[in-house]
Structure formats: C-alpha cells, structure tokens
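I opened the model to look up its nonpolar packing, one of its helices and its aromatic rings. My entries follow in the order of looking.

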Amino acid sequence: LGVTTALGAAARAVDIDARLRRLLPPRAWMALGGAALCYSACHAMAMGGGARRKFGVPHPITTPERGDVSRPGALGADKARIAFLNASRAYGNLVEHIPFMLANAGVALVTLDDGRALVGASLVAFSVGRIAYSYGYATRGPKGRHAGFIVSMLASQLPLGVAIASQLGVAYSRFMPA
C-alpha cells in the first residue's frame with residue numbers, strides 16, 4: 001500500500017481531478033473508460049482468436065497438446081503451441097485483473113466526493129495498458145508484456161491511492177488542527 005498511497009498523494013498534489021475535469025466532464029470520462037475497457041477485452045479476445053485460426057487449434061481446446069496444432073507453419077508444433085498459449089493467456093490475464101481495477105474504482109467512487117473523472121481516466125489508462133500487454137504477449141511472448149503490465153497496474157492502483165491519501169488528509173486535519 002505504500003506505493004499506492006504515494007501514487008495517490010502525488011496525484012492529489014497536482015490536483016489530478018481538476019486537470020481531468022478541464023479536459024472532459026466526469027460523465028464523459030466514465031463513458032470513455034467503460035468503452036475503453038470493453039475494447040481492451042475485445043482486443044484480447046481477437047488476439048487469442050487470431051492465434052487459434054493461425055495455428056489451427058480447434059474449439060474447445062484451450063491448452064493444446066502437440067498434436068492439436070494443425071497449422072504450425074515455420075514455427076513447428078511446439079513453438080506454435082506456446083505462441084497460441086501466449087496469445088490466449090492474455091485474455092485470461094485481463095479477466096483476472098479486471099476485478100481488482102473495478103474494486104479500486106469502487107473504493108474511489110465511494111470515498112471521494114466526486115471521483116468519476118479520476119476513475120474514468122484510470123479505466124482508460126488501464127485499458128491502454130492491457131491492450132499493450134495482450135499485443136506484447138501475443139507477438140513477443142512473456143517478455144513483451146512488461147510495459148503494458150506496468151501501465152495497467154499503476155492505472156489500477158491510482159484510484160485506490162487517491163482515496164487512501166484523501167482519507168489520510170481528512171484524518172490528519174481532524175486530529176492535527178492547524
């Protein structure tokens with residue numbers, strides 16, 4: 001929670017919410033964030049589906065054996081199998097991370113006076129990170145996912161960090177009067 005709180009305190013120090021509101025109204029940020037999240041899920045599914053077609057892995061197989069890959073191409077069956085797993089795992093990883101993002105967004109929406117702009121912008125940044133993650137994972141393997149992972153994790157932690165820093169500020173002002 002230390003990094004999360006530091007991230008939130010830095011965002012509060014530069015008045016991130018006011019800066020975001022100057023760009024778009026809060027309702028627009030929320031709509032954009034929701035659309036971006038849907039797009040990132042579609043992108044991850046498309047990467048997995050494209051690999052399924054490319055390597056000829058039939059449905060409902062999700063973890064193919066060597067013989068399940070009917071079109072390995074120049075990669076060979078073993079490398080084509082791994083390439084398919086990398087592409088299809090990106091969607092699974094997205095599904096695993098969405099609950100944490102939404103929980104952090106929920107905490108911010110409940111805790112902050114009006115955190116809609118912050119939450120919407122965080123959803124956009126999270127989605128951009130997940131798109132970079134799924135593309136990197138599908139095209140370059142596990143080493144290609146790092147930048148997208150970092151962006152999406154920071155975006156996921158930002159709403160929670162701002163909520164924590166905000167509440168620490170309230171507690172400080174209540175118990176340490178000027």
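I took a nonpolar core to be a set of buried Ala, Val, Leu, Ile, Met, Phe, Trp, Tyr and Cys residues joined through side-chain atoms within 4.5 Å. Buried means under 20% relative accessible area, exposed over 50%, and partly exposed in between, with a 1.4 Å probe and protein chains only. The model is predicted, so local features need pLDDT of at least 70 and side-chain atom pairs count only at pLDDT 80 or more, while totals for chains, interfaces and linings use all residues. Residues are numbered from 1 along each chain as its sequence is written, and side-chain values use heavy atoms, with hydrogens and water left out.

**Cores.** I looked up the largest nonpolar core: it has 17 residues, of which Leu94, Phe126 and Val162 touch the most other members. Helix 3 (26-55), helix 4 (77-111), helix 5 (116-140) and helix 6 (146-175) each supply at least two residues of this core. Helices here are DSSP runs (H or I, at least four residues), numbered from the N terminus. Helix 4 gives the most to this core, five residues. I then noted a second, separate core of nine residues, with Ala51, Phe55, Val57 and Leu85 among them.

**Leu94 and Ala41.** I listed contacts (heavy atoms within 4.5 Å). Leaving out residues up to four places away in sequence, Leu94 touches Ser40, Ala41, Ala44, Phe126 and Arg130. Ala41 is in helix 3 and counts as buried, at 16% relative accessibility. With neighbours within four places set aside, Ala41 is in contact with Tyr91 and Leu94. The C-alpha atoms of Ala41 and Leu94 are 7.2 Å apart, across 53 residues of chain.

**Helix 4.** I found a bend of about 30° at His97 in helix 4, with Pro99 following within four residues. The bend is the angle between axes fitted to the seven residues ending at a residue and the seven starting there.

**Rings.** I searched the whole structure and found one aromatic pair. Rings of Phe, Tyr and Trp (its six-membered ring) pair if their centres lie within 6.5 Å; planes under 30 degrees apart count as stacked, over 60 as edge-to-face and the rest as tilted. Tyr133 and Tyr137 have ring centres 5.7 Å apart and planes at 75°, so the pair is edge-to-face. Tyr133 is buried at 4%, and Tyr137 is buried at 8%. I also checked for charges over rings (NZ of Lys or CZ of Arg within 6 Å of the ring centre and within 35 degrees of the ring normal). Arg130 lies over the face of Tyr133, 4.1 Å from the ring centre. Arg145 lies over the face of Tyr137, 4.7 Å from the ring centre.
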